[in-house]
Amino acid sequence: MNESYLLIEESKQLKGVLKVSGAKNAALPLMAATILTEEPCIIRNVPNLLDIKHMIELLTDMGKKIHQDKNTLYIEGPIKNKETREDIVRRMRASVLVMGPLIAKYKSGKVSMPGGCSIGARPIDQHLKAAKRMGVDIEIEQGFINLKASILNPIDFTFDVITVTGTENVLCMLSTIEEESILRNVAIEPEVINLVEALKQMGVDINIDEENRVATIKGSKYLKGFDIEVIPDRIEAGTFMVLAVATNSSVKIENVNVYHLKSIVDNLKLAGANVDILSKDSVLVSSKNSVINPLNIETSEYPGFPTDMQAQFMSLLSVAKGESSIVENIFENRFQHAQELARMGACITIHSKTAFVKGVERLKGAEVFSTDLRASAGLVIAGLMAEGKSIIRNIYHLDRGYDHIEQKLEKIGAKIKRVNA
Ligand code: EPZ
């Protein structure tokens with residue numbers, strides 16, 4: 001096996017400051033939305049992640065001129081090639097986010113079907129159902145979606161399921177239709193709202209009634225450029241907060257948006273942590289007395305408990321004083337980290353979409369394999385909590401969503417290092 005891996009040793013009572021990067025899942029739709037205009041767009045606070053590099057490669061391949069200056073992207077120019085390269089889409093299923101802008105701006109496109117991934121089938125039927133309703137002809141052949149439309153009609157459309165990228169794609173699809181459209185049962189994640197801010201700057205008239213999950217949109221034939229700041233990554237922030245509690249540490253976490261962290265903060269406090277909101281963009285997290293209370297958690301769409309935080313909390317609860325339950329309502333196969341935690345001594349049984357976690361005294365270091373982006377973060381937390389040494393393999397998953405996490409953690413005293421193959 002010649003892949004890089006992380007070597008982690010038990011690390012307790014960490015102290016210091018962790019800075020959160022921009023949100024990957026906000027940056028990706030913002031980058032795709034630049035297809036809607038040839039004018040210069042500026043995207044600030046972009047995280048330095050593999051997925052961002054893949055989106056830069058994809059948009060460049062399609063013809064956009066992209067200049068990167070540290071964490072700021074300058075993107076402009078027309079699309080010359082409306083076909084997404086299959087090898088890039090295979091590496092990053094969020095490439096499907098270019099579909100909406102291609103339809104709105106060019107009324108045509110050829111987008112490779114995003115494969116499923118380890119956490120589920122990840123269908124895009126809702127994206128396509130809305131496009132068809134708008135008058136887009138859709139043909140799927142050889143793993144590609146061929147899209148063509150002569151005119152795009154306004155719609156009054158209700159999503160059958162709340163979908164983050166589905167909402168983002170359809171908002172973009174509607175952004176050049178001047179008559180009013182209505183979308184119902186939309187996702188209201190902060191990452192969606194970040195995109196809405198950019199679309200408004202471009203000249204799209206959007207109103208989102210978050211209470212009722214209803215969006216009304218009036219597009220514009222000609223869309224301008226935008227200059228936007230990517231919101232802080234609430235999942236990276238949450239990961240660091242859980243890590244602080246799990247290692248009995250006291251850590252200040254900066255560059256957060258505290259308004260996006262409510263369900264994470266509430267659950268950490270229930271688990272027995274101290275969480276001090278120091279300002280609108282910083283929190284201090286510490287564990288009161290290293291006793292973790294068991295929790296009953298159910299993942300749900302924002303503002304509920306995020307599915308992307310489920311693995312991290314499972315690691316924490318594996319040493320709680322009692323039995324916890326975690327219900328995964330969003331994805332059909334997002335408990336793979338449970339078997340890896342079991343290799344470290346965790347006691348977890350799964351019935352359908354519920355994981356029952358019986359707290360044990362200690363975890364023991366082991367060699368484990370990450371299976372998806374957020375599961376790997378949960379394993380990093382487990383490795384820091386466990387007695388002895390752990391090795392985490394398949395860390396390319398981690399690099400997709402965390403900007404050099406081991407460097408950030410080493411700075412606060414964690415014994416973690418990347419061993420390159
Ligand atoms: C986004 O994925 C995020 N990715 C995910 O983060 C996140 O876990 C997920 O939202 C849920 O919050 C990005 O934003 C790039 P969904 P998305 O469409 O949009 C079903 C990461 O790597 N569904 O909200 O793909 C679907 O199967 C990832 O950071 C349909 O049935 O998720 C799932 O069960 C992990 N039909 C549920 O809806 C559709 O057309 C929610 O999926 C679309 C979705």
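Okay, a quick reminder before we start: what you're looking at is a predicted model.

Let's begin with the ligand's neighbours. It has 23 residues around it, and the closest are Asp 125, Thr 163, Thr 165, Asp 308 and Ile 330. If you sort that shell by class, you get nine nonpolar, six polar and eight charged residues.

Now for some side-chain contacts. Asp 308 has a side-chain N or O atom 2.6 Å from an oxygen atom of the ligand. For Asn 25, a polar side-chain atom sits 3.0 Å from a ligand oxygen. And Arg 122 has an N or O atom in its side chain 3.1 Å from an oxygen of the ligand. How much of the ligand does the protein bury? On its own the ligand would expose 820 Å², and the protein buries 87% of that.

So which elements build the shell? Those giving two or more residues are α1 (24-33), α5 (125-133), α6 (164-173) and α12 (373-385). The largest share, three residues, comes from α5. Zooming out, the ligand lies between two domains, because domain 1 (5-21 + 232-419) and domain 2 (24-229) both give residues to the shell.

One last stop: α6. Eight of its 10 residues are buried, so this helix is largely enclosed by the rest of the structure. The buried ones run through Gly 166, Thr 167, Glu 168, Asn 169, Val 170, Leu 171, Cys 172 and Met 173.

Notes. Residues numbered from 1 in each chain as written. Predicted model: local features only at pLDDT ≥ 70, side-chain atom pairs only at ≥ 80, totals over all residues. Heavy atoms only, no water. Near = heavy atom within 4 Å. Polar contact = N/O pair within 3.5 Å; in protein donor to acceptor, adjacent residues only side chain to side chain. Areas by Shrake-Rupley, 256 points an atom, 1.4 Å probe, with all protein chains shown as cover. Helix = DSSP H or I, 4+ residues; strand = E, 2+ residues; numbered from the N terminus. Nonpolar A, V, L, I, M, F, W, Y, C, P; charged D, E, K, R; others polar. Domains from an automatic or database assignment. Buried < 20%, exposed > 50% of the residue type's maximum accessible area, 1.4 Å probe, protein only.
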